[in-house]
Amino acid sequence: MSLRAKIWEYFIFFTAMVLVILWFLQIVFIDNFYKGMKIKDVKNVAVEIAENYGNDDYSLMLTQLAISNDICIDVADKYGRILYTKDTLGKSCLIHGPQASTGNFLYKLKNSGETELYYTEFNQLTNSDMLIYMTIIGSEKSPDGYILINSPLVPVDATAAIFKKQLLLVTVFLLLLSLIISYFMAKKISEPIARITKSAEQMAAGNYDIKFDGKGYAEIQRLSNTLTFAGMQISKVDAMQRDLIANVSHDLRTPLTMLKAYAEMIRDLSGDNPEKRNEHLEIIINETDRLALLVSDMLDLSKLERGDLKLNYSEFNIKELLEDIISRYKGLSDKQEYDISFEADSDITVNCDIIKIQQVIYNLINNAVNYTGEDKKIFVKQINKPDCVRIEVSDTGEGIEPDKIKLIFEKYYRSENHKREVVGTGLGLSIVKAILKKHGYNFGVFSSVGKGSTFWFEIKDIAGKIPQQAPEKPQKKNLFKKSEMSNYNEKS
């Protein structure tokens with residue numbers, strides 16, 4: 001059953017239940033309800049009479065009560081002698097009729113063993129029932145007097161008949177009205193859900209850019225906003241998945257092709273030539289290493305994102321580590337004329353996972369090597385701050401566009417300003433992000449299109465205090481103007 005039909009059904013059921021309750025209260029229980037109210041009113045009159053028993057204006061009070069409630073009243077002493085009597089019913093009053101005997105009424109009360117007694121009795125003069133009520137004044141064992149009240153019970157049959165006709169008209173009107181209102185309510189409530197369902201079907205078919213429209217209700221609008229956001233995230237994941245397949249396929253195809261080609265050359269051409277064979281085998285070894293590095297990076301990234309990789313903290317000198325890493329690039333600098341300069345503050349000991357931080361620094365330098373400008377210059381800085389050590393790696397490449405800078409650390413994202421593929425697997429920055437988030441360190445990048453980029457991170461775990469710095473040297477002029485820079489940073 002559709003939502004619209006279900007809402008319609010519930011609304012009709014609710015209306016029907018209201019009408020059923022109304023019919024029972026107004027028709028079935030009206031007689032009992034009327035008698036209950038009458039007994040309650042008579043009891044209240046009796047309480048007032050008992051509380052004011054013996055007052056100076058007692059007779060006047062009885063007169064007022066009899067007239068205002070349309071009843072007749074007798075008040076007797078403890079011996080059953082009538083002391084006060086008030087009558088507004090005339091000959092129809094049962095306790096004052098010619099055959100009425102106060103002694104008979106009081107006898108019934110005494111034999112009941114109760115402090116009060118009431119019952120209905122048919123009055124032939126009025127052709128209707130009348131209420132007889134009796135109670136004592138004072139204590140049960142030694143009463144000071146007795147109260148007798150006679151009240152007419154107006155027949156409710158005629159009133160009930162009028163109610164029935166009115167309720168019948170009201171029932172028909174309410175049913176028709178509920179049908180109309182429930183139809184439009186069901187339509188109004190179900191329309192945004194139906195729109196969301198259609199949009200969800202389009203998203204399920206692969207249209208992740210669909211925008212969900214849930215106008216009308218706050219809860220449905222929240223649902224539509226959530227689904228719209230989910231669609232955007234699925235779209236990103238889908239794009240990343242396609243990029244992953246394309247990048248991995250590209251990264252695997254080249255070394256596999258070269259492995260096959262040089263293996264065939266050894267088999268067919270250089271098998272008997274030791275010099276050529278060794279040259280070809282060296283290429284095969286290098287390409288195998290490249291494949292192993294790619295697989296290793298993918299496994300490391302997967303472990304970091306799942307949280308499976310544990311950090312092994314140790315204390316070490318960050319300046320010495322940077323110097324050691326940069327020295328290892330000497331072969332690259334000599335062969336391909338890269339200029340990697342290092343500018344450092346004083347020695348400082350930090351406490352973190354040396355292997356993982358070393359991987360972060362390697363990946364940032366490799367990224368700078370891949371993207372730096374034609375001058376092949378790379379700048380590495382160690383800046384000691386009061387609460388952390390900041391490491392910066394800068395290049396002089398094409399930079400990153402403002403709308404792309406937030407994507408630079410995403411998995412498998414590659415800048416369109418890619419210059420060369422000298423080292424690395426294309427997953428370096430994703431691994432950098434995962435390692436630094438695992439440590440809880442801040443990191444980021446600022447860049448200027450056409451002038452280069454600077455990647456940075458801050459090591460917060462310092463072993464001891466930052467040593468007192470020598471007077472600051474004049475700072476080198478920043479490569480970028482603030483108005484030209486695009487910034488991205490993430491606080492862990």
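## A first look at D324

Is D324 buried, partly exposed or exposed? With a relative accessibility of 32%, D324 counts as partly exposed, because the partly exposed class lies between under 20% for buried and over 50% for exposed. Please keep in mind that the structure above is a predicted model.

D324 also has a charged partner: R328 forms a salt bridge with D324, and their closest N and O atoms are 2.5 Å apart. R328 is itself partly exposed, at 47% relative accessible area.

## Salt bridges

Let us stay with the charged side chains. The count of salt bridges comes to seven. One of them joins D347 to K319, with 3.7 Å between the closest N and O atoms. This pair links distant parts of the chain: K319 belongs to helix α8, while D347 sits in the loop between β7 (339-344) and β8 (349-352), and the two are 28 residues apart. At 42% relative accessibility, D347 is partly exposed.

Another salt bridge is formed by E392 and R390, whose closest N and O atoms are 2.8 Å apart. Here E392 counts as buried, at 11% relative accessibility, and R390 counts as buried too, at 12%. Both belong to a network of salt bridges that links K385, R390, E392 and E458.

## Charges over rings

R390 turns up again here. It lies over the face of W456, at 4.1 Å from the ring centre. So R390, a buried residue at 12% relative accessibility, has a salt bridge with E392 and a place over the ring of W456.

K376 lies over the face of Y338, and the distance from the ring centre is 5.0 Å.

## Aromatic pairs

How many aromatic pairs does a search of the whole structure find? The search finds six. Among them is the pair of Y118 and Y133: the ring centres are 6.3 Å apart and the planes stand at 25°, so this pair is stacked. Because Y118 lies in strand β3 (residues 116-123) and Y133 in strand β4 (residues 128-138), the pair ties together parts that are 15 residues apart in sequence. Y118 counts as partly exposed, at 36% relative accessibility, whereas Y133 counts as buried, at 3%.

Y329 and Y362 form an aromatic pair that is tilted, with 6.0 Å from centre to centre and 40° between the planes. Y329 is in the loop between α8 (318-327) and α9 (330-336), and Y362 is in helix α10 (residues 354-371), so the pair ties together parts that are 33 residues apart in sequence. Y329 is buried, with a relative accessible area of 7%. Elsewhere, ring pairs link Y53, Y58 and Y84 into a cluster.

## A buried histidine

Our last stop is H439, which lies in helix α11 (residues 428-439). Is H439 buried or exposed? At 8% relative accessibility, H439 counts as buried, because buried means under 20% relative accessible area.

Which residues is H439 in contact with, leaving aside its neighbours within four places in sequence? They are L311, Y313, C352, D353, K356 and I357.

Technical notes
Residues numbered from 1 in each chain as written. Predicted model: local features only at pLDDT ≥ 70, side-chain atom pairs only at ≥ 80, totals over all residues. Heavy atoms only, no water. Helix = DSSP H or I, 4+ residues; strand = E, 2+ residues; numbered from the N terminus. Buried < 20%, exposed > 50% of the residue type's maximum accessible area, 1.4 Å probe, protein only. Contact = heavy atoms within 4.5 Å. Phe/Tyr/Trp six-rings, centres within 6.5 Å; stacked < 30°, edge-to-face > 60°. Lys NZ or Arg CZ within 6 Å of the ring centre and 35° of its normal. Salt bridge = Lys/Arg side-chain N within 4 Å of Asp/Glu carboxyl O.
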